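Take a moment with the sequence and the fold below.

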Amino acid sequence: MNGRQLRARFRGVAVVAAGLLALSACGGGGAGAKGDKSGGDKAAAAARTVKHDAGATEKVPAEPKRIVSVSVTMTGHLLALDAPVVASQATPPSVITDKQGFFTQWSDAAAKNSVKVAYQGFEPDVEKVLALKPDLIVGASSGAENAEKFYDKLSAVAPTLLYRHDDVSWQDLTARLGKDLGLEKRAGEVVAAHNKRVGEVKAAITVPEQSAALVRDNQSAMTVFTPESAQGRLLTSLGFTVLEPPAGKGQTQGGRSDFAEFSQEKVADTAKDSSLLFVSHTPEEITAATERPVWKDLAAVKDKRVYDLGLDTFRLDYYSAGNLIDKIEKAFG
């Protein structure tokens, strides 16, 4: 083949390539048109706007691939949904966490999903979050890890959603997250499995006639959880009557509405004949609390109606709620 023939062949290839590009650009052909439409639909879906407790966030991905949780409380909810969490805030290690600072009720699930520690502490480390290359950030707008004042900085890294977790049941929060993250089906499955377990245990236990006081000892004061708290709602669903907090305004933390602190004397006077259900204590701490003069003569202490709900029950998610139900079944079954 001589030089003239080679040049002619290359010109022919160029013409064919140009024609194919033109067809592609114009959407020519049935398959090409469908492909473009699908791409447009995906782009539109990826540009969702999601309302949350810190505002409304645009361009939330329809199917997030790399979620960073800036709330160790929210991480449990995300893991129960099988959300693609790549890293999470961690707390300083304690009796309620593993060595990394992840809560024990879901630390195994975090390990199974290779969730890394994003940073340790309650204030978001924005630089470390940035290095993780998230396509979505999920956090809290209540509790110690409230990230609202960092919302703008986090939003500059990736679309950011913040949620209150103090004045809502974990089931409602799970359903909301499922809707916002495109995981509605999984959210429904998680809540349905929990409800089935509640029904089974409710039928198998004998609930005390007395009301149940949900309390947490703080040495100088006593925290009382309201019937509308996540813990209170779960106990109510199992057939318990949850004691209302003492009259008057107690001390709250960060505007929380699910519990408040009162003096030891005021709580003891309000509890009277109620059974005492301790939230997030070691057995030794519960013994020490009930041996105090203000508590030791209460009917619940004398009648041995003092119950340990477990160390992981301060923050309820799918995992810790299941553990609490196990405790109730063992104590009252």
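How exposed is Val117, judged by its relative accessible area? Keep in mind that this is a predicted model. Val117 has a relative accessible area of 33%. Buried would need a value under 20%, and exposed one over 50%, so Val117 counts as partly exposed.

Now place the residue. Val117 lies in strand β5. Its contacts, leaving aside residues up to four places away in sequence, are Ser88, Ala90, Gln100 and Phe102. Val86 and Val117 are separated by 31 residues in sequence, yet their C-alpha atoms are 8.8 Å apart.

Step back to the sheet. It is open and has 5 strands, in the order β5-β4-β3-β6-β7. Their pairing is parallel.

Follow the β7 end. Strand β6, residues 136-140, runs parallel to β7 and is joined to it by 4 bridges. Within this pair, Ala140 stands opposite Tyr163 of β7. A helix packs here too. Helix α7, residues 170-181, packs on the sheet and touches β3 (67-69), β6 and β7. The direction of α7 makes about 165° with that of β7.

Next comes an antiparallel pair. Strands β1 (residues 48-52) and β2 (residues 55-60) run antiparallel, and 4 bridges join them. The two form a hairpin, with 2 residues between them. Val50 stands opposite Thr57 in β2.

Last, look at Thr223. This residue belongs to strand β9, which spans residues 221-225. Is Thr223 buried or exposed? Its relative accessibility is 3%, so Thr223 counts as buried. What does its side chain meet? The side chains of Thr223 and Asn218 are joined by a polar contact of 2.7 Å. Asn218 is also one of the residues that Thr223 touches when residues up to four places away in sequence are not counted. Leu214, Val215 and Arg216 are among the others, as are Phe259, Ala260 and Glu261.

Note on methods
Residues are numbered from 1 along each chain as its sequence is written. This is a predicted model: local features need pLDDT of at least 70, side-chain atom pairs count only at pLDDT 80 or more; totals for chains, interfaces and linings use all residues. Side-chain values use heavy atoms; hydrogens and water are left out. Two strands pair if DSSP finds at least two bridges between them. Contact means heavy atoms within 4.5 Å. Axes are lines fitted to C-alpha atoms, for helices over the stretch in contact, and angles run from 0 to 180 degrees between N-to-C directions. Buried means under 20% relative accessible area, exposed over 50%, partly exposed in between (1.4 Å probe, protein chains only). A polar contact is a pair of N or O atoms within 3.5 Å; within protein, one must be able to donate a hydrogen and the other to accept it, and residues adjacent in sequence count only if both atoms are side-chain atoms.
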